[in-house]
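Let's take a walk through this one together, pair by pair.

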Amino acid sequence: LCYEVFISYRRDTGSDVAGRIQEALINRDRQAFLDTTDLSQGYFNQILLERIAAIPHFVILLSHGALDRCHEEKDVLREEIVQARRTCRNIIPVRVPGFQPPDAGLPSEIADILQLQALEYNHIYFDDLIDKLIAWMDQSVRSAAAPVTAVEKPRRSNRARTIRSLAVLPFVK
């Protein structure tokens with residue numbers, strides 16, 4: 001199975017939202033990895049890190065208290081964020097109502113996660129959230145596939161054109 005998006009969340013505050021987002025993406029023919037349903041046999045942390053490295057999009061749910069334990073060096077969520085950054089994944093934060101940045105601040109290796117443009121979760125506008133999430137994923141893929149080129153030349157010159165001939169036609173009523 002080829003996944004398009006890895007959904008990262010704090011289990012105790014984001015699992016319901018994560019499951020709902022995964023289900024909505026699957027219903028729109030997008031393969032979303034969620035550890036509770038898609039994890040295979042092996043070492044939990046190692047499998048997660050390998051999946052992140054292989055999946056182009058990394059959605060992190062910022063729910064109440066989600067980042068509070070990220071100051072701990074072996075925190076799973078912190079390791080996931082570090083791996084997503086290290087492997088240059090397309091990171092898309094989704095803010096859930098009630099999220100507040102931790103009081104203690106974040107380690108430097110993940111601190112700028114809060115500076116990224118985020119989608120806002122709202123159960124009333126859930127379909128709009130999924131539409132925008134898919135659009136951001138598709139935009140990232142198009143941007144990555146676009147060749148890097150020099151600045152394009154304008155198709156038309158900004159200089160005034162010289163009129164070489166003029167036809168005068170009679171006005172007929």
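The side chains of glutamate 109 and arginine 78 meet in a salt bridge, with N and O 2.6 Å apart. By salt bridge we mean a side-chain nitrogen of Lys or Arg within 4 Å of a carboxyl oxygen of Asp or Glu. Helices (H or I, at least four residues) and strands (E, at least two) are DSSP runs, numbered from the N terminus.

Before going further, a word on what you're looking at: this is a predicted model, where local features need pLDDT of at least 70, side-chain atom pairs count only at pLDDT 80 or more, and totals for chains, interfaces and linings use all residues. Residues are numbered from 1 along each chain as its sequence is written, and side-chain values use heavy atoms, with hydrogens and water left out.

The cut-offs are under 20% relative accessible area for buried, over 50% for exposed and partly exposed in between (1.4 Å probe, protein chains only).

How many salt bridges does the structure hold? The total is 9. Another one joins arginine 69 and aspartate 12, whose closest N and O atoms are 3.9 Å apart. Arginine 69 lies in the loop between β3 and α4 (76-86) and aspartate 12 in helix α1 (residues 11-27), so this pair ties together parts that are 57 residues apart in sequence. Aspartate 12 is exposed at 57%, and arginine 69 is partly exposed at 37%.

Next, look at glutamate 120 and arginine 95, whose side chains form a salt bridge of 3.9 Å, N to O. Here strand β5 holds glutamate 120 and strand β4 holds arginine 95, 25 residues apart. There's also a network: Glu4, Arg30 and Asp138 are joined by salt bridges that share partners.

**Now the rings**

A pair of aromatic rings is described by the distance of the centres and the angle of the planes. Rings of Phe, Tyr and Trp (its six-membered ring) pair if their centres lie within 6.5 Å; planes under 30 degrees apart count as stacked, over 60 as edge-to-face and the rest as tilted. That gives 4 aromatic pairs. Phenylalanine 6 and phenylalanine 58 have ring centres 5.7 Å apart and planes at 10°, so they're stacked. Since phenylalanine 6 lies in strand β1 and phenylalanine 58 in strand β3 (residues 57-62), the pair ties together parts 52 residues apart in sequence. Both are buried.

Tyrosine 121 and phenylalanine 126 make an edge-to-face pair, 6.0 Å centre to centre with 70° between the planes. Tyrosine 121 is buried at 12%, as is phenylalanine 126 at 6%. The charged end of arginine 20 sits over the ring of phenylalanine 126, 3.9 Å from its centre; the test is NZ of Lys or CZ of Arg within 6 Å of the ring centre and within 35 degrees of the ring normal.

**One last stop**

Serine 8 is in strand β1 (residues 5-8) and is buried, with 1% relative accessibility. Leaving out residues up to four places away in sequence, serine 8 touches Phe58, Val59, Ile60, Leu61, Leu77 and Glu80, where contact means heavy atoms within 4.5 Å.
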